[in-house]
Amino acid sequence: MEAPKTMGGQDWGLLVLLSILWGGAYFFAGVAVRELPPLTVVLARVALAAIALLPLFWAFGHRLPKTFSDWLPFFGMGLLNNVLPFGFIFAGQTLITVGLSSIINAMTPLFTVLVMASFREESLTVNRIIGVLLGVVGVAVLRGFDGEFGFNQTVGIGLCLAGTLSYGFAALWGRKFLTGVAPLKSATCQLMCSTLIIGVVVCIIDQPWTLAMPSQYAIGSVVALAILGTALAYLIFFRILVNAGASNVMLVTLLIPVTALVLGNVFLSEPIQLKEIIGALIIAAGLLFIDGRVIDRLLGK
């Protein structure tokens, strides 16, 4: 079994930058969905990101798939990794705060563990079971025990959890059907497929040509979401993945909520509640158990 890779100063710098970009993505999405339907925001995000990545795609000598069977893995990845999670999370953000949605997204590795174990792709160790249980407790804390069962907050949390679960299935799909595919090709082709899928849905449901012109803040947020929070973030993500490995790049999920909470509080006046901080810390502890390395060192293994 290959030993975990170590991270150098450059890798840590890229990891922090990625957390800012993805934490900022939650902020920009939170601004955009105040004026635009969530699915329309998803369409703008994936379409603009695909357009931004295509010149790099061709510059590095990649070629688009030629047959439907060649495109099929990217359609599956686009659906599971972009269309469904973006749609669920953006819809959830119309009901809950930017910070809370980002904390829930930090459970992605926990759901990934459950999905992988269910399909017998990875073993469910004691550390991972503890990590998943801590994640469940963390979400319960986020939901609150004050006796006030707000319907909107419950639905918002549920939608974001559905998006996080979709990311878990995306990891399974990627392992089965995209292993060995160049990261830039995978990112670009899945975004193109995502654009086609969500484009059809948006034309039927939202009919964006009938919508009122959004403000410059909403338009700017959508552009930043696509270029910074998607296209550039994908490039950095895959760079860290190649240099430092999957276990290390997963640590970004611990940093994203910090950026999202701060941006939501400063620019959208969203209060940071004590239960959100406690829930985030519990989920972070769960991620550390799933990663295993810190726990093993503490136990002297």
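# Helices, loops and burial in a predicted model

Reader: Where is the place of His 62?
Author: This is a predicted model. In it, His 62 sits between two helices, H2 (38-59) and H3 (68-92). The place of His 62 is the loop that joins helix H2 and helix H3.

Reader: Is His 62 buried or exposed?
Author: The relative accessible area of His 62 is 17%. Buried means under 20%. His 62 therefore counts as buried.

Reader: Which residues does His 62 touch, not counting those up to four places away in sequence?
Author: His 62 is a loop residue, and its relative accessible area is 17%. Residues up to four places away in sequence are not counted here. The residues that His 62 touches are Phe 57, Ala 182, Leu 184 and Lys 185.

Reader: How many helices and strands are there in the protein chain?
Author: Read along the sequence, the pattern of the protein chain is α-α-α-α-α-α-α-α-α-α-α-α-α. The count for the protein chain is 13 helices and 0 strands.

Reader: Why is the protein chain said to be as compact as a globular protein of that length?
Author: The C-alpha atoms of the protein chain fill a box of roughly 60 × 50 × 35 Å along the principal axes. For 301 residues the globule rule gives 19 Å. The protein chain is as compact as a globular protein of that length because its radius of gyration is close to that value, at 19 Å.

Reader: What share of the 301 residues in the protein chain is buried?
Author: The protein chain exposes about 14,300 Å², and carbon and sulfur atoms supply 70% of that area. Among contacts with a separation of 6 or more, 89% are between residues 24 or more positions apart. Of the 301 residues, the buried share is 49%.

Reader: Where does Gln 93 lie, and which residues is Gln 93 in contact with beyond its neighbours within four places in sequence?
Author: Gln 93 lies in the loop between H3 and H4. With a relative accessible area of 7%, Gln 93 is buried. Its C-alpha is 17 Å from that of Tyr 167, 74 residues apart in sequence. Beyond its neighbours within four places, Gln 93 is in contact with Tyr 26, Ala 29, Gly 30, Val 33, Val 98 and Ser 101.

Reader: Which residues is Leu 100 in contact with, leaving aside its neighbours within four places in sequence?
Author: Leu 100 is part of helix H4 (residues 98-105) and counts as buried at 2% relative accessibility. Pro 271 is 171 residues apart from Leu 100 along the chain, and their C-alpha atoms are separated by 10 Å. With neighbours within four places left aside, the contacts of Leu 100 are Leu 142, Gln 153, Ile 157 and Glu 276.

Reader: Is Leu 159 buried or partly exposed?
Author: Leu 159 is found in helix H7. Not counting residues up to four places away, Leu 159 touches Phe 88, Ile 89, Ala 91, Gly 92 and Leu 95. Pro 85 is 74 residues apart from Leu 159 in sequence, and 8.9 Å apart from C-alpha to C-alpha. At 22% relative accessibility, Leu 159 counts as partly exposed.

Reader: What is the relative accessible area of Thr 164?
Author: Thr 164 lies in helix H7 (residues 151-177). Not counting residues up to four places away in sequence, Thr 164 touches Ile 104, Asn 105, Met 107, Thr 108 and Phe 111. Thr 164 is buried, and its relative accessible area is 0%.

Reader: How many disulfides does the count come to?
Author: A disulfide needs two cysteine sulfur atoms within 2.5 Å. For Cys 193, the nearest cysteine sulfur is that of Cys 189, 6.7 Å away, and Cys 193 is in no disulfide. Cys 193 is buried, with a relative accessible area of 1%. By this rule the count is 0 disulfides.

Reader: What is phi of Arg 120 near?
Author: Arg 120 is in the loop between helix H5 (108-118) and helix H6 (126-143). At 79% relative accessibility, Arg 120 counts as exposed. Its phi is positive, in a residue other than glycine, and lies near 55°.

Reader: Is Ser 269 buried or exposed?
Author: Ser 269 is in the loop between helix H11 (252-268) and helix H12 (274-291). Phi of Ser 269 is near 55°, a positive value in a residue other than glycine. At 61% relative accessibility, Ser 269 counts as exposed.

How values were computed. Residues are numbered from 1 along each chain as its sequence is written. This is a predicted model: local features need pLDDT of at least 70, side-chain atom pairs count only at pLDDT 80 or more; totals for chains, interfaces and linings use all residues. Side-chain values use heavy atoms; hydrogens and water are left out. Buried means under 20% relative accessible area, exposed over 50%, partly exposed in between (1.4 Å probe, protein chains only). The radius of gyration is taken over C-alpha atoms; the globule rule is 2.2 Å times the number of residues to the power 0.38. Contact means heavy atoms within 4.5 Å. Accessible areas come from the Shrake-Rupley method with a 1.4 Å probe; for residues, only the protein chains shown count as cover.
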